[in-house]
Amino acid sequence: MPINSLSKKERLFCAIKREKVDRPPCICPGGMMNMIIEDIMDITKVEWPEAHKDPEMMAKLTMGVCENGGFENFGVPFCMTVEAESMGAIVGLGTKINEPRVIEYPINSVTEWNKLKELDLTKGRTKVVLDAIKILKSESSDIPIIANLVGPVSTASSLMEPVDYYKELRRKPKEAHEFMEFVTENLISFAKAQIQAGADILSISDPSGTGEILGPKLFKEFAAPYLNKIVNAVKEDVPGGTIIHICGKLKSVYGILNSLDSDVISFDSIASVKEVANNVNNKAIMGNVSTLAIEKSSPDIVENLAKGCIKSGVDILSPACGIGPRTKLENIQSMVEVAKESTSKNIVLKSS
Amino acid sequence: MSNVKEKLLKDLAESVVDMEEDDTIEIANDFIESGYDAYEGISNGLAAGMDEAGKLYEEEEYYIPELLMCSDAMYAGMDVLKPHLKYDETEEKYKAVVGVVEGDTHDIGKNLFKIMLETTGFEVYDLGRDVPPGEFINKAKELGAKLIGLSTLMTTTMDNMEIVVNLLKEEGMRDDVVVMVGGGPISQSFADKIGADGYAPEASRAARLAKDLVRGKMNVAV
């Protein structure tokens, strides 16, 4: 297809596969990488926390971002609690400007994993997410729909006290692996259902399972294999590909990042695009405009940061993490404009 | 004689660094049975070990799971030694209030900061996680705290730190309290921007900085 007439969806699909594009897409997947802001809630007249449990509202909010000059994708849900809640965690849905969060853990130790509920796709907010995706699918065929999944370590540490979880990775590795297997199998079923509902791309964020927190040894043992298990389970079914977002410093795990099987690696603003590009040679690179800058600074500063990211070689322009709900829409628009105005001349294409 | 004591202190510190909780308890008991001073066991044994663990963390030899296990060993040793403390031997401690700001329930960073603050001699009141801004102010007022430590791991809740700083100003308490901020998305420039007094990327460094800042403030006040 001619690259000057790419739809948002075609452009993102190409960028993910590291094929030639007219310009980089500018996206924010959803899930942990929140894209919903107060400005959009006011425009669409749909608000948190109600939108977390209503598929129509959920769809309307994410469409509102894209329709008002924001990110070039749809993405649901808007929090990191859907999976854990379905498996037994008690969740508080928050306020208009505070995200949902887990307030009570169902288990006390990795050894108790068999007391957890299987993730239920037929009711609760897992179903809300699936229904929202179906609505989005019926609304537009040109805008990519991103399904979001909380990574295995972050889900596991939303089901029990994280302090105990981290210690038990060392103290009870055998049971910890059994727990991780259980969590991963359930995450796979949710990921597959989201794709079946119409999602084009799967994005996994695992903010509690980073190299910075776990160190290279435990990252390799407890984070990477389960992330890969999910990616490989959906690989055949997901039309657009898979994104893994890793928070925090990457230095200790650069060597392991190449062994992740996702199509795209997305990362924090603390990691430099050039350094990631030098260390990761088998994935499209997505990132990493500082969310603090997007929230706190002016459109021209955001513009400069976004230009810097593209110049440094990102294939996909995106925020470095979830954006704060108090972020101004004009700052997001300015970031998207940078992507729109950049031409293929600016884009460093990989030779592979 | 003092060689035995030195050896026990060194063993205590090492057992903490090596995450050997049972050893720590055993050595702490030996230490007391040998008639040595509990306070010395805590400060030159357990806390010294935790300080070393904190350094290994800064050097990226240890990561969070290791640091948490070291702190378990330290607290297990404390449980043995604390009942033997002679009250007037402990210096007066600065009080600190710590918590994770509203909207966030991730408290690993806050827990590490608390541990390291206790290691450097603070008496810490932990408000837990998902703490509304007003609670920091009320608790600091009630205790006469010299330090407020705010933590978050989420970029979406960072703003709530600024709200706490502004509330302190409104209450006329800003000059009496050192405000430290920390957590994954926090940086020095963010700390400067919201008018916090201090930030450090790691809990152990943050605790040392906290002590310096509080001491500095007290000296100015005196």
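This is a predicted model: local features need pLDDT of at least 70, side-chain atom pairs count only at pLDDT 80 or more; totals for chains, interfaces and linings use all residues.

The buried residues of α3(A) are A:P55, A:M58, A:A59, A:K60, A:L61, A:T62, A:G64, A:V65 and A:C66, and what covers them includes α2 (38-44), β1 (74-76) and α5 (124-139) of chain A. After α3(A) comes A:G69, whose phi is positive, near 75°.

In chain B, five strands form an open sheet with parallel pairing, in the order β2-β1-β3-β4-β5. Because β2 (123-126) and β5 (198-199) of chain B stand at the edges and each has a single partner strand, one side of each is left without a neighbour in the sheet. Further in, strand β3 (residues 147-151) of chain B is joined to strand β4 (residues 178-182) of chain B by five bridges, and the two run parallel; along this pair, B:L147 stands opposite B:V178 in β4(B). Helix α6 (residues 133-143) of chain B packs on the sheet, where it touches β1 (95-100), β2 and β3 of chain B, and its direction makes about 165° with that of β1(B).

Between the chains, 23 residues of chain B are in contact with 29 residues of chain A. On the chain B side, the elements that give two or more residues are α4 (64-81), α5 (108-119) and α8 (188-194) of chain B, and α4(B) gives the most, with five residues. By class, that side of chain B has nine nonpolar, seven polar and seven charged residues.

Note on methods: Residues are numbered from 1 along each chain as its sequence is written. Chains are lettered from A and ligands numbered from 1 in the order in which they are written. A residue is buried if 20 or more other C-beta atoms lie within 10 Å of its own, exposed if 12 or fewer, and partly exposed in between; C-beta atoms are placed from the backbone. Helices (H or I, at least four residues) and strands (E, at least two) are DSSP runs, numbered from the N terminus. Two residues are in contact if their C-beta atoms, placed from the backbone, lie within 7 Å. Ala, Val, Leu, Ile, Met, Phe, Trp, Tyr, Cys and Pro count as nonpolar, Asp, Glu, Lys and Arg as charged, and the others, Gly among them, as polar. Two strands pair if DSSP finds at least two bridges between them. Axes are lines fitted to C-alpha atoms, for helices over the stretch in contact, and angles run from 0 to 180 degrees between N-to-C directions.
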